[in-house]
Amino acid sequence: MMNNNEILEGKFPLAYIKSLPAQQLADVAQRMRSAMVESLLESGGHFSSNLGTIELTLALHYVFNSPRDKFLFDVGHQCYAHKIITGRGEAFASIRQFGGLSGFTRPQESEHDILSSGHASVSLSVAAGMVAGQALEMRKQERVLAIIGDAGLSGGIAFEALNHIGAMGLPVIVILNDNQMSIAPGCGALHEHLAILEDRNFFTTLGFEYWGDYDGHDCALMVDLFTKAKAVQRPLLIHLKTQKGKGYPAAEIDPIAYHGITGKGQAKASAPSYTQIFSEALVGLAQKHEDVVAITAAMPSGTGVDKLEKLMPQRCYDVGIAEQHAVAFASGLALAGKRVVVALYATFLQRAVDQVIHDVVMQRLPMIITLDRAGVVAGDGESHQGVYDIALLQSLPNLIFLAPASGEELKLMLSWASEQSTLVVIRYAKAEIPDAQLKIPLEPLVLGVGVFWHRVEDAAILLVSLGSLAIEVERAIEYLGERNIAVDHCHARFIKPLNVEYWQSLLAKYSLVVTLEEAVVDGGWGVQLASLMSMAQERPRFLHLGVESSLLPHGSRDDLLRFCQLDGTSIAQRVASYYQYLDDKSSADVV
Ligand SMILES: Cc1ncc(C[n+]2csc(CCOP(=O)(O)OP(=O)(O)O)c2C)c(N)n1
Ligand SMILES: CC(=O)[C@@H](O)[C@H](O)COP(=O)(O)O
Ligand SMILES: [Mg+2]
């Protein structure tokens, strides 16, 4: 029989596993669990969800024939056993690292991965579409399975898909991996319902055949169930009960702390993060104003809302994986006179853009939306990069949009935002705050106006930074100084509004203005700033630096900043070479 390491070394491919008697799968699962634990403690990654899905993934591969049969892992954060089984064990130690395996399913990595995953609750809709498409082509022998968690299933799109699949009678197989947990404890009425399902239940009412609940760690039982499922030609939901963190006692006790872990081989934070500062500032705000309430969409610890939740649970709402609902719900609370703070990840706000437009700005409501993980996001890769928010939001009316560059500034902005009578969005990165390195005194906020972090006499170049890039710009200035290139640095603070007079008169003083944002350049803030000068007689040259390739890979924050050429050294090199180019060009023009 195989040993633990040999499982990762790929000595026992899928064909071998499928040739074993079903009774031996439990042993394979145990060995895979040990190998996975050892590797993840070193590399980091999603831990508890993956320990809970080993048996069900083995049983699925044992019975169905991937890639002919299609497995759609919802979110995809629980697909590690699938990666190992489908021949990626040898690279497993590289998971989520730059150039290594993705932490989610990725078709570019394997023909067994159908979707580039990362965001929750979409697997049922995609499965429905695939089944509908196959039916049109009479390819009925291919089965499509959505493997979705109990929290993923509570997302709005999943409900919409259940409704559609049930009505159409599409033979989608839904494997419900119910561990009674989201990242945080499960919440919502569906969560309660899953605990007490009877013969006639939510799923059967919608037209599904319901099989459950069953032990999702019993391989032989699941092999039997899945074999029978192959013959079912109508919507089928198989309800499996699993345990998050299964087999690793510390993760079983505290699956939240072990949802995603930092590996031993990875740098630990040495300074507080924007999240921590926000978390404390939110508590301070709620203590100051009785009408403050906060909303999280299934990310209480990730956004830092958990601190307030512990102190004042009645003033916090975890609405589950429901970003659209979170924003529309916030609009209701605002109409009821509450000062609402909605704390989201920038990438998940994408789900709720229409609610921001229709239910907040069109209603002219005051509200604060904080966007954590805005900018490059380590670890998770392309699905989680927070780089579209500026392009998506900056054209909206009735909106103030801010980007702090230090912890102190974040506190100031949150407090200032709570006094405004309009929507205020504050974006900040998944990064440590640079306060300890800063000598710049904190100035009061003036609407639409930036602050200088660095100013010298006769600088021809102005670097205008947004938020977390300010510190990289300070690093770039050192490098440029060593090359005798004099620059000024203004930290813009406001993405919107821009005080037109202030910016026009400031930008006109320079021959080159470099805009820097941790977001996509196309349709981004720098382009917006430059447009203020379109009517000016004397226009500076502009260089817009930001994220150029919008589908960023996974890696550490430093890896990603380097990849985007937004780290201090790259910024300096790009500024220096563009300046040199302009210089050469103007000399050539004179000749
Ligand atoms: C749209 C969206 N919102 C939030 C998240 C963050 N998130 C990732 S996994 C997860 C919990 C998923 O719980 P469940 O589906 O039950 O899977 P489990 O981790 O319990 O296996 C959340 C909230 C996400 N990936 N996508
Ligand atoms: C899969 C998912 O969406 C979350 O688990 C995410 O990976 C959390 O990211 P943070 O670790 O940045 O909170
Ligand atoms: Mg769950």
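1. Which residues does UniProt list for "binding site"? The unreviewed entry gives His 77, Gly 118, His 119, Ala 120, Ala 151, Gly 152, Asn 179, Tyr 248 and Glu 323. Such positions follow the numbering used here, with feature names shortened, and annotations may be inferred rather than shown by experiment. The listed residues span 247 residues in sequence, and the farthest two C-alpha atoms are 31.7 Å apart, so they do not all gather at one spot.

2. This is a predicted model, in which local features need pLDDT of at least 70, side-chain atom pairs count only at pLDDT 80 or more, and totals for chains, interfaces and linings use all residues. Residues are numbered from 1 along each chain as its sequence is written, while chains are lettered from A and ligands numbered from 1 in the order in which they are written.

3. Mean pLDDT (the predictor's confidence in each residue, from 0 to 100) is 95 for the chain, with 99% of its residues at 70 or more. The scores are ipTM 0.99 and pTM 0.97.

4. Helices are DSSP runs (H or I, at least four residues), numbered from the N terminus.

5. Helices H5 (residues 54-63) and H6 (residues 80-88) have axes that come within 9 Å and cross at roughly 40°. The axes are lines fitted to C-alpha atoms over the stretch in contact, with angles from 0 to 180 degrees between N-to-C directions.

6. In H5, Ile 54, Thr 57, Leu 58 and His 61 meet Ala 81, His 82 and Ile 85 of H6 (C-beta atoms, placed from the backbone, within 7 Å).

Notes. Helices (H or I, at least four residues) and strands (E, at least two) are DSSP runs, numbered from the N terminus. Two residues are in contact if their C-beta atoms, placed from the backbone, lie within 7 Å.
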